[in-house]
2 protein chains.
Amino acid sequence: MTKIGTSEHTYKQFDAELEAIRTQVLQMGGLVESQIQRAVEALVTGNKELMEQVVADDHRVNALEVAIDEDCSQIIARRQPAAIDLRMIMAVVKTITDLERSGDEAEKIARMAKLIYETDRLHMPRFSEIRHVADIAIGMLREALDAFARLDVATAMDVIKRDAQVDEEFRAILRQLITFMMEDPRTISISLEILFIAKAIERIGDHAKNMAEYVVYLVKGKDVRHVAIEEIERETMNQ
Amino acid sequence: MTKIGTSEHTYKQFDAELEAIRTQVLQMGGLVESQIQRAVEALVTGNKELMEQVVADDHRVNALEVAIDEDCSQIIARRQPAAIDLRMIMAVVKTITDLERSGDEAEKIARMAKLIYETDRLHMPRFSEIRHVADIAIGMLREALDAFARLDVATAMDVIKRDAQVDEEFRAILRQLITFMMEDPRTISISLEILFIAKAIERIGDHAKNMAEYVVYLVKGKDVRHVAIEEIERETMNQ
């Protein structure tokens, strides 16, 4: 057994702490992903129990955010991280904010689903387009978390690009709902509920995109927010 | 002239750096407030030049976010802040994210105003309710920044409570638009544009509330996100 010096020992502990925080973020991400999945499932199937569960479980997402945030502050105060370690912690602090807000959107979807099934069963539209756009947004979220876990810039870039697809799907749903409402004004109220659900899903796509941008910042040490995608790609290829 | 010891000197420099960051946040806040004001003004008056200006100026908000974020990372790496100083920096990092996203909402309002004036001048509704809810949201933003500048928990609590008012105004606008659309389905498209503008304003209220929560966290060292307002008030009064 080789003797480990104090500084090496401390360093290993620090590494373990960082790793623990990363694991917590992935756990939180898994929970949020499941919340969104279940909210959409409940909407499509009309499963009221599931709607209630999603609403009830939101506090678990919130608790994780507060706990991880606290851990990040403690690690900064005790370990005085710099360079990539500090960037990792700052990326975590931002990522969990976007995760928490994605969780809020899931809760909103579940609440709106309850409203839809309570008030109007006559003009219930099909939810195939909602499910489709939700699948894209959930896929983005999962890949953003994957990119974070593996510090994978290529995957992160892919997520950033796919946000435009969610926006396009949202506009398609909007056009469809307008037609629906014009043809039968009695469907206006329910159509607006569905519009808000589509908007919530679009927001989840935005949050996934933000998270992907933090991964690029984390790995490259360069802030890519507010920079055109082409520019980032050019830089990525040149390095 | 008394000689200043290194540590005291360093401490004073640190203080000055923190103060400089706070000033930058307030500057950014002022710019975002002006962006929202101008976007709503442009919408109400139909001033297209102003709409263009708001869209063009969004990059200034983004640039400030990136610069302040960078300063925060540098100060953490160089100064190794703890306790209230660290909480201040973490609050700044979060605050500028909400400010930047409020700026995005202002840009969206300006873009939607352009769309409204380009496509439909026949069914133009009055914008008095939009202006009213925007005034409340802008007031919340201003007071959240004030609370941050003066580390004033009471003002922050007031902002947090006022968010419910914005949500209520939003629902009133929604009900009004539904009536409008039912009476004349030709107004559906423009009504939805206005609905999205109202939604953008509601979001600005949410961001102001988030910022106010960071102020309470900063001063009290206690995370008040996800805690009922009554609970915070009870704690605040007991201390």
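A residue is called buried when its relative accessible area is under 20%, exposed when that area is over 50%, and partly exposed in between, as judged with a 1.4 Å probe and with protein chains only. By this rule C72(A), with a relative accessible area of 0%, is buried, and C72(B) counts as buried with 0% relative accessibility. With a disulfide defined as a pair of cysteine sulfur atoms within 2.5 Å, the structure holds zero disulfides over all chains.

This is a predicted model, in which local features need pLDDT of at least 70 and side-chain atom pairs count only at pLDDT 80 or more, whereas totals for chains, interfaces and linings use all residues. Residues are numbered from 1 along each chain as its sequence is written, chains are lettered from A and ligands numbered from 1 in the order in which they are written, and side-chain values use heavy atoms, with hydrogens and water left out.

Helices (H or I, at least four residues) and strands (E, at least two) are taken as DSSP runs, numbered from the N terminus. Chain A has seven helices and zero strands, and 55% of its 239 residues count as buried. If contact means heavy atoms within 4.5 Å, then among the contacts in chain A between residues at least 6 apart in sequence, 81% join residues at least 24 apart.

Helix α2 of chain A, residues 48-79, can be followed from end to end. The expected span of a helix is 1.5 Å times one less than its number of residues, so the 32 residues of α2(A) should span 46 Å, and the 47 Å between its end C-alpha atoms agrees with this. At its N-terminal end the helix is capped by N47(A), a side-chain oxygen of which lies 3.1 Å from the backbone nitrogen of E49(A). Further along, α2(A) bends by about 30 degrees at A56(A), where the bend is the angle between axes fitted to the seven residues ending at a residue and the seven starting there. Just after this helix, Q80(A) takes a positive phi of about 45 degrees.

Another positive phi of about 45 degrees belongs to A83(A), although this residue is not a glycine. A83(A) lies in helix α3 of chain A, and its relative accessible area of 53% means that it is exposed. The place of T119(A) is also in helix α3, residues 83-119 of chain A, and at 66% relative accessibility T119(A) counts as exposed.

In chain B, L18(B) lies in helix α1, residues 6-45, and is buried, with a relative accessible area of 7%. Leaving aside neighbours within four places in sequence, L18(B) is in contact with I75(B), D85(B), M88(B) and I89(B). The C-alpha atoms of L18(B) and I75(B) are separated by 8.3 Å, although these residues are 57 residues apart along the chain.

A nonpolar core is a set of buried Ala, Val, Leu, Ile, Met, Phe, Trp, Tyr and Cys residues joined through side-chain atoms within 4.5 Å. The largest one here has 162 residues, and those touching the most other members are V92(A), I130(A), L192(A), V92(B), I130(B) and L192(B). Helix α6 of chain B, residues 188-220, gives the largest share of this core, 19 residues. Apart from neighbours within four places in sequence, L192(B) is in contact with L174(A), I178(A), M181(A), L192(A), L195(A) and M181(B).

How values were computed: A polar contact is a pair of N or O atoms within 3.5 Å; within protein, one must be able to donate a hydrogen and the other to accept it, and residues adjacent in sequence count only if both atoms are side-chain atoms.
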